[in-house]
Amino acid sequence: MAMALIIYADFGSLDCYLASRRVDALVAAGVAVDWRAVEQHPELPVAGRRLSLEEHSEMERRMDGLAALMLPGEELPWAPPRMMPKTEAALSGYAEAYGADVGDDVRRLLYGDYWVDGADIGDPEILRRRLAGPILRGRTPSWTLGDSGYAVSVSRGPITTGAWRRIRAWRDEWASLGTGGVPTLVQHGGAPITGEAALRRLEEEIVRSGAAVDPDLPDPSRYPESARPSKDWVSRTGAPWARAWMAGT
């Protein structure tokens with residue numbers, strides 16, 4: 001069955017970050033939302049680029065503008081990032097997570113990593129470590145994802161053909177809507193709306209559904225409780241598993 005709400009968004013967009021927070025509220029309230037990631041600026045260099053002082057100022061002005069749209073009790077924690085990442089790798093990781101049924105966790109993780117912690121979500125090595133927990137919790141037929149938790153290739157692309165096709169389909173769908181902006185929202189097959197209009201529509205859905213604007217959600221980076229990666233994976237990746245292996249627990 002088709003989703004009632006479809007959103008096309010980029011991980012490097014501050015407006016999309018607010019949209020993601022509002023989608024968290026809706027999903028927690030049982031509202032179906034299909035979040036489809038796109039790369040708004042594919043022309044960026046693979047290592048991203050440093051933001052200028054003018055861009056920092058513009059970002060802070062935009063944050064002030066978004067603050068004026070906030071609902072009572074709604075928050076948008078953030079720290080102005082220093083870099084604008086090329087979001088290809090983040091898109092690849094999300095596409096794999098979407099196929100493994102952990103897309104909401106990875107979406108939330110990626111936005112928090114960039115907009116709160118300032119992490120380079122364009123770096124595949126960073127994403128390999130950060131996304132391992134949710135990917136290992138996911139359901140995927142891919143041995144690479146299921147055994148290692150790796151969701152992004154060294155070349156910043158996805159691991160599976162399914163995720164590659166998903167990324168292409170999302171890109172083509174978004175382009176066919178003709179808005180050119182993010183977030184772009186489509187509801188019940190209606191005309192697409194973008195930017196602040198999309199944010200206001202999400203606000204209306206939150207009010208209509210009675211959703212809590214700041215739901216208490218579990219850590220999106222958590223590892224599976226009943227599974228443990230192989231010793232070979234630990235030797236290559238480490239992260240929180242290394243200490244447990246060394247201690248023999």
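The second largest pocket of this predicted model has a volume of about 320 Å³, a pocket being, on a 1 Å grid over the protein atoms alone, an open set of points where a 1.4 Å probe fits, with protein on both sides within 12 Å along at least five of seven lines. The volume is the space filled by probe spheres set on the points, which are joined across faces, edges and corners. Residues are numbered from 1 along each chain as its sequence is written. In this predicted model, local features need pLDDT of at least 70 and side-chain atom pairs count only at pLDDT 80 or more, while totals for chains, interfaces and linings use all residues, and side-chain values use heavy atoms, without hydrogens and water.

Lining this second largest pocket are 17 residues, and Y17, R21, D24, R108 and G112 lie nearest its centre; a lining residue has an atom within 4 Å of a point. Two or more residues of this lining come from each of α1 and α4, helices being DSSP runs of H or I with at least four residues, numbered from the N terminus. The most is given by α4, with five residues.

The largest pocket holds about 390 Å³ of space. Its lining has 18 residues, of which G12, S13, L14, M59 and M84 are the closest to the centre. At least two residues each are supplied to this lining by α1 (14-28), α2 (53-67) and α4 (103-115), and the largest share, four residues, belongs to α2.
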